[in-house]
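Open the model in your viewer and keep the sequence beside it. The stops below say what to select and what is there.

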Amino acid sequence: MRAGLLFDMYGPLLTDHQQEVWQLYYMEDWSLAEIGEARKISRAAVYDLLDRTEKLLEDYEARLGLLAANERRRDRFRTLLAALKGVPEVRAVVEQWAEEEGLTDV
């Protein structure tokens, strides 16, 4: 799951080749052999590419911290919404605000 979240956050920073292989493996559930055959590279090359890409995504997160910041925002919205349980008018405003922030799962 973390790999998917990292890709959602930092995927646009990857090369097209990295993005395509990542999506085939993690999102479309292709095997290393299937990807290798389709991309005309070895299974080992696919594995190495996925490994390097995952390390790169983790490095982006270590440097930028966007995923961690997003999770802190989610936690704050959840706490705020719980505190506003008895105040429906204000709760509705905060729910709308969370939705505008892309936090539809709080």
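**Stop 1**

Select Asp-75 and Arg-78: both lie in helix H5, three residues apart, which is about one turn of the helix. Helices here are DSSP runs of H or I with at least four residues, numbered from the N terminus. Before going on, note that this is a predicted model, in which local features need pLDDT of at least 70, side-chain atom pairs count only at pLDDT 80 or more, and totals for chains, interfaces and linings use all residues. Residues are numbered from 1 along each chain as its sequence is written, and side-chain values use heavy atoms, with hydrogens and water left out.

The side chains of Asp-75 and Arg-78 form a salt bridge, 3.3 Å from N to O. The term salt bridge stands for a side-chain nitrogen of Lys or Arg within 4 Å of a carboxyl oxygen of Asp or Glu. Glu-71 is partly exposed at 37%, and Arg-78 is partly exposed at 34%.

**Stop 2**

How many salt bridges does a search of the whole structure find? The search finds eight. For one of them, select Glu-58 and Arg-2, whose side chains meet at 2.9 Å, N to O. This pair links distant parts of the chain, with Glu-58 in helix H4 and Arg-2 in helix H1, 56 residues apart. Glu-58 is partly exposed at 29% relative accessibility, and Arg-2 is partly exposed at 42%.

**Stop 3: inside helix H4**

Stay on helix H4 (residues 43-64) and select Thr-53. Is Thr-53 buried or exposed? Thr-53 is buried, with a relative accessible area of 1%. Leaving aside neighbours within four places in sequence, Thr-53 is in contact (heavy atoms within 4.5 Å) with Leu-14, Gln-18 and Trp-22.

**Stop 4: the nonpolar cores**

In soluble globular proteins, nonpolar side chains tend to be buried together. A nonpolar core is a set of buried Ala, Val, Leu, Ile, Met, Phe, Trp, Tyr and Cys residues joined through side-chain atoms within 4.5 Å. Select Val-21, Trp-22, Val-46, Leu-50 and Leu-57, which have the most contacts inside the largest nonpolar core, a set of 16 residues. Helix H1 (2-10), helix H2 (16-27), helix H3 (32-39) and H4 each supply at least two residues of this core. H4 gives the most, with five residues. Apart from this core lies another, of six residues, among them Phe-77, Val-94, Ala-98 and Leu-103.

Return to Val-46 and show what surrounds this residue. Not counting residues up to four places away in sequence, Val-46 touches Val-21, Leu-32, Ile-35, Gly-36 and Ile-41.

**Last stop: helix H5 again**

Finish by selecting Leu-66, which is found in helix H5 (residues 66-83). Leu-66 is partly exposed, with a relative accessible area of 40%.

How values were computed:
Buried < 20%, exposed > 50% of the residue type's maximum accessible area, 1.4 Å probe, protein only.
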